Amino acid sequence: MDTATSKRKLAAPAAVFMILAAVQMACALSGAEPQAAENTPTADTAVTAQPAGETAVQTQAQPEATKEGDAEGGPSSGGSVGDFACFATSDNGVTCLNDGGWKTYTEENTDFYSLDVEDMAACPDGKIYASTFSMVLVFDGRAWEEIPPGGEEYIGGDYIACGAEGSIWVGGYKGIHYYKDGEWGSFAVEAYATGEYPDLMYGLEIAPDGTVWVATARSISAYDGTSWKEYTQGSGFDVEISPAGLAVDSKNRVWMIDYDMLYLFENGGWNAFELKHSIMTPNSLLVDPQDRLWINTDTYGALILDGDQFSEFSYNSGDLHSNGVFSVAFDKSGKTWVAMEYGIDILSGDTTTHYRMDNADLADNKIIRVAVVGNGPALPAEMTKQPGSIVGSITVGGKPLAGAEVEFCVEELGFQYVGETPCSSQPFMKKGTTDAEGNFSIADVPTGYYYITVKVEDGWIYLYERIPVAEGKETDIGELKVKED
C-alpha cells in the first residue's frame, strides 16, 4: 500500500481539564420562578468524582455455537429467543451475542445491501429494532429481517424508539415514520418543526406516558397522540437553541443538551442550567433505571447526573476501558452494557467484563450502538487470539524519515492530546522507531484497528485511516508519504 498523508498536526499537549463542573441554575425560560423538583440540579451543586472501583474480568464457559434460526422460538416460529444483545459498528455490520455465542451479520451473510446501523432499540416485545439510512430491521435473537416499507420508496432514519402499544418510531431528515399492526404512517418535517434546518434531527424519544419527543436543529417538538407542539425561541425558550441530544425519564421529564446548557422540561415549562464547560457534540443522551442522566462523549466517557451531582465514568476515572462512550443499555438483571470506541464493558456490581476484537468475536472495537433484551446473554469466556504485526515506511518529501517515533493507538486522535505523546494516555498503544531507511516494524499487536501518529520536526502528525490488524497476520501499510508544507 502506497499511502500519502497530509501534514495534519496535533497541537501541543493540552492542559488536563474536566467538563465535569457545578451545574448552576440560570433561569426558568418561561419567565416564572422555577419550581424545585426532585433530583433537580441547584445553584450550589458541587461536583464530586465517583471513586474508581477495582475491575475484574468475569468468565464463564463458552457456549457451543449454534446455527442461525435453528433454535425453538427462532424466526420460523415468530417469537424471540429470550436473552441476547447486539452491537452495531460503523463499518463492519452488527455483532450479536446469544446463548449460542457470537455472530456477526454483514452484507455478505445476509440479504441486505447495507447493515450500517444508525440506531437500535430493544422493545417490550423481546426483539431488537434497528434503523439504517434506508431500512428498518428487526432481530429476534436468531436472524435479522426487514420490515417492508409498504407504499414508501424506503423507510429509514437516524433514530428509532419503542412506542405505545407495540408501535415503532423512526426519525430522520425525511420526517418521522411509525409502524403499528403491520401498517406504516408518517409525519412530514413541516408537521412538527419550523425554522432553520428543520429536517436535521438530533433525538427521538418516547416518554412513559406515550408522548413522542423530537429534537431538530432549532426546536423541540412533542406529539401527544393528537397534535404536535413545538418549543423554540419565542415559544418556550427565550434564546435560540441548538439541541445536541434528548432523553426522557420515568417521570416523563425531558432532558436536552445544547453546548454549555442543559435544559429540563417539567410542569409544562423548560428550565435552563449552565454547564461550566461545554460539551460540543455528545454521542447520546439517556436515562438509566435509577433516573440518572447519562451524557456519553468522545473524550470524557459517560458523564452521569445523579440528583444534583455529576460524576465521570471513563478510562481516565478508572471505571471503564475507554474514554469514548457511544451508547449504553441496561438489562433486566441490573447489568450495564457500555458501547465504546475500544470495545464493550459490561458492569455488574463491582465486576467489569471487557470484550474486544482480540478476546471475543467482535467485528470491530468501535461499537456505536448497543441493545440488550431480557437479562442479557450469558457472558462467554475470553478467547485467546494470536497477535499480529504492522510494518511500513515513512518518507517526507520523498526522503526516508529516520529515527522518528511512531505510535499506534486504539482511539481516534483529536487536534489536541493529553499526556507526553498523542497515544500515551490511551487505554492501549504500541510504539516504535523508524530505522535509517525510514522503515518500522511493530510486533505483538492484538487483533483490532489502529490509528498511527508519527513525530516529525515540527510536531506530531497522524494518518486519518484506521489500520486493521488480523489475528496472527502481518499488516504491511507500505510507504507513508508525508507532504511537506
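**Strands, sheets and salt bridges**

Modeller: In strand β38, Ile452 stands opposite Phe408. Keep in mind that this is a predicted model.

Colleague: How many bridges are there between β35 and β38?
Modeller: Four, and the two strands pair in the antiparallel sense. β38 covers residues 448–456.

Colleague: Which strand does β35 pair with over five bridges?
Modeller: That is β36, residues 429–433, and the pairing is antiparallel. Within this pair, Val406 has Gly432 in β36 as its bridge partner.

Colleague: Is β35 mostly covered or mostly open?
Modeller: Mostly covered. β35 spans residues 405–409, and four of its five residues are buried.

Colleague: Let's move to the sheets. What is the strand order in the one with β32?
Modeller: The order is β6-β5-β4-β32. It is an open sheet of four strands, paired antiparallel.

Colleague: Which strands stand at its edges?
Modeller: β6 (101–105) and β32 (367–373). Each has a single partner strand, so one side of each has no neighbour in the sheet. From one strand to the next, the twist averages 20°.

Colleague: How many bridges link β5 and β6?
Modeller: Five, in the antiparallel sense, with β5 running over residues 94–98. Asn98 is placed opposite Gly101 in β6.

Colleague: What holds strands together in a sheet, in general?
Modeller: Strands pair through backbone hydrogen bonds, and they can be parallel or antiparallel.

Colleague: And the sheet with β7 in it, what is the order there?
Modeller: β7-β8-β9-β10, an open sheet of four strands with antiparallel pairing. Its edge strands are β7 (119–122) and β10 (144–146), each pairing on one side only. The twist averages 25° from one strand to the next.

Colleague: How many bridges join β8 to β9?
Modeller: Four bridges, between residues 128–131 of β8 and residues 136–139 of β9. Tyr129 has Val138 in β9 as its bridge partner.

Colleague: Where is Glu145?
Modeller: Glu145 is in strand β10. Its relative accessibility is 42%, so Glu145 counts as partly exposed. Glu145 and Tyr129 are 16 residues apart in sequence, and their C-alpha atoms are 9.6 Å apart.

Colleague: Changing topic. How many salt bridges are there?
Modeller: The count comes to 15. One of the pairs is Asp249 with Arg253, with the closest N and O atoms 2.8 Å apart.

Colleague: Are those two residues buried or exposed?
Modeller: Asp249 and Arg253 are both buried. For Arg253 the relative accessibility is 5%, so Arg253 counts as buried.

Colleague: Which glutamate forms a salt bridge with Arg253?
Modeller: Glu266, with an N to O distance of 3.7 Å. Glu266 lies in strand β22 (residues 261–266) and Arg253 in the loop between β20 and β21, so the pair ties together parts that are 13 residues apart in sequence. Glu266 is buried, at a relative accessible area of 12%.

Colleague: What does Lys251 pair with?
Modeller: Lys251 meets Asp291 in a salt bridge, 2.9 Å from N to O. That pair links distant parts of the chain, 40 residues apart. Lys251 is in the loop between β20 (245–248) and β21 (254–258), and Asp291 is in the loop between β24 (284–287) and β25 (293–296).

Colleague: Which residues form a salt-bridge network?
Modeller: Asp91, Asp364 and Arg466 are linked in one.

Colleague: What about Asn359, where is that?
Modeller: In the loop between β31 (351–355) and β32. Asn359 has 2% relative accessibility and so counts as buried. A polar atom of the Asn359 side chain lies 2.7 Å from the backbone nitrogen of Arg356.

Colleague: Last one, the surface. Which residues make the nonpolar patch of about 280 Å²?
Modeller: Tyr197, Leu200 and Tyr202. Tyr197 is in the loop between β14 (183–187) and β15 (201–206).

Methods:
Residues are numbered from 1 along each chain as its sequence is written. This is a predicted model: local features need pLDDT of at least 70, side-chain atom pairs count only at pLDDT 80 or more; totals for chains, interfaces and linings use all residues. Side-chain values use heavy atoms; hydrogens and water are left out. Two strands pair if DSSP finds at least two bridges between them. Axes are lines fitted to C-alpha atoms, for helices over the stretch in contact, and angles run from 0 to 180 degrees between N-to-C directions. Buried means under 20% relative accessible area, exposed over 50%, partly exposed in between (1.4 Å probe, protein chains only). Patches are made of residues with over 30% relative accessible area and no salt bridge: like charges are joined within 9 Å, nonpolar side chains (Val, Leu, Ile, Met, Phe, Trp, Tyr) within 5 Å. Accessible areas come from the Shrake-Rupley method with a 1.4 Å probe; for residues, only the protein chains shown count as cover. A salt bridge is a side-chain nitrogen of Lys or Arg within 4 Å of a carboxyl oxygen of Asp or Glu. A polar contact is a pair of N or O atoms within 3.5 Å; within protein, one must be able to donate a hydrogen and the other to accept it, and residues adjacent in sequence count only if both atoms are side-chain atoms.
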